[in-house]
Amino acid sequence: MSSSLCIMVWENREVGKRYVVSRLSDSVNEEMDRQGVTQAELERRTGIPDSTLSRILSGEVDEPKPSQIALLAKALGLPFWSLMQRAGYTTETPDDPDEE
């Protein structure tokens, strides 16, 4: 019985992980569209290699590195904490929402 419970928990974690990765990639893609930024331009701004950036933007990266999220946030003028929330690293909002 306990092994079934473990499998259920693992499956739920995977669904949750895919959901937050999707939220992050959706947010970055929406902001790119809003600003008219291409993937090539985002690659230039962030220095993230094209293949890695492509995987992040398509939601294929399970856990983007916080350093990559920081580069994306800076390149798009978004609050770092906001993208960290979307990536599932935190649920906290800073006392000062303008805080970097």
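Hi everyone, let's start with helix α4, which covers residues 66-76 and has Gln68, Ile69, Leu72, Ala73, Ala75 and Leu76 as its buried residues. If you look down the axis of α4, those buried residues fall within an arc of 165°, so they line one face of the helix. A quick reminder for anyone new to this: an α-helix has 3.6 residues a turn, so residues three or four places apart point the same way. Please keep in mind that this is a predicted model.

Is glutamate 31 buried or exposed? Its relative accessibility is 12%, and because buried means under 20%, glutamate 31 counts as buried. Which residues does it touch, once we set aside neighbours within four places in sequence? Glutamate 31 is in contact with Leu76 and Leu78, and you'll remember Leu76 from the buried residues of α4.

Last stop: helices α2 and α3. Two packed helices are described by the angle between their axes and the distance between the axes. Here, α2 (residues 39-46) and α3 (residues 50-57) pack at an angle of about 115°, and their axes are 10 Å apart. The crossing of α2 and α3 is right-handed. On the α2 side, the contact is made by Gln39, Leu42 and Glu43, and on the α3 side by Asp50, Leu53, Ser54 and Leu57. By type, the residues of this contact divide into three nonpolar, two polar and two charged.

How values were computed: Residues are numbered from 1 along each chain as its sequence is written. This is a predicted model: local features need pLDDT of at least 70, side-chain atom pairs count only at pLDDT 80 or more; totals for chains, interfaces and linings use all residues. Side-chain values use heavy atoms; hydrogens and water are left out. Buried means under 20% relative accessible area, exposed over 50%, partly exposed in between (1.4 Å probe, protein chains only). Helices (H or I, at least four residues) and strands (E, at least two) are DSSP runs, numbered from the N terminus. The arc is that of the directions from the helix axis to the C-beta atoms. Contact means heavy atoms within 4.5 Å. Axes are lines fitted to C-alpha atoms, for helices over the stretch in contact, and angles run from 0 to 180 degrees between N-to-C directions. A crossing is left-handed if the near helix is turned anticlockwise from the far one by less than a right angle, and right-handed if clockwise. Ala, Val, Leu, Ile, Met, Phe, Trp, Tyr, Cys and Pro count as nonpolar, Asp, Glu, Lys and Arg as charged, and the others, Gly among them, as polar.
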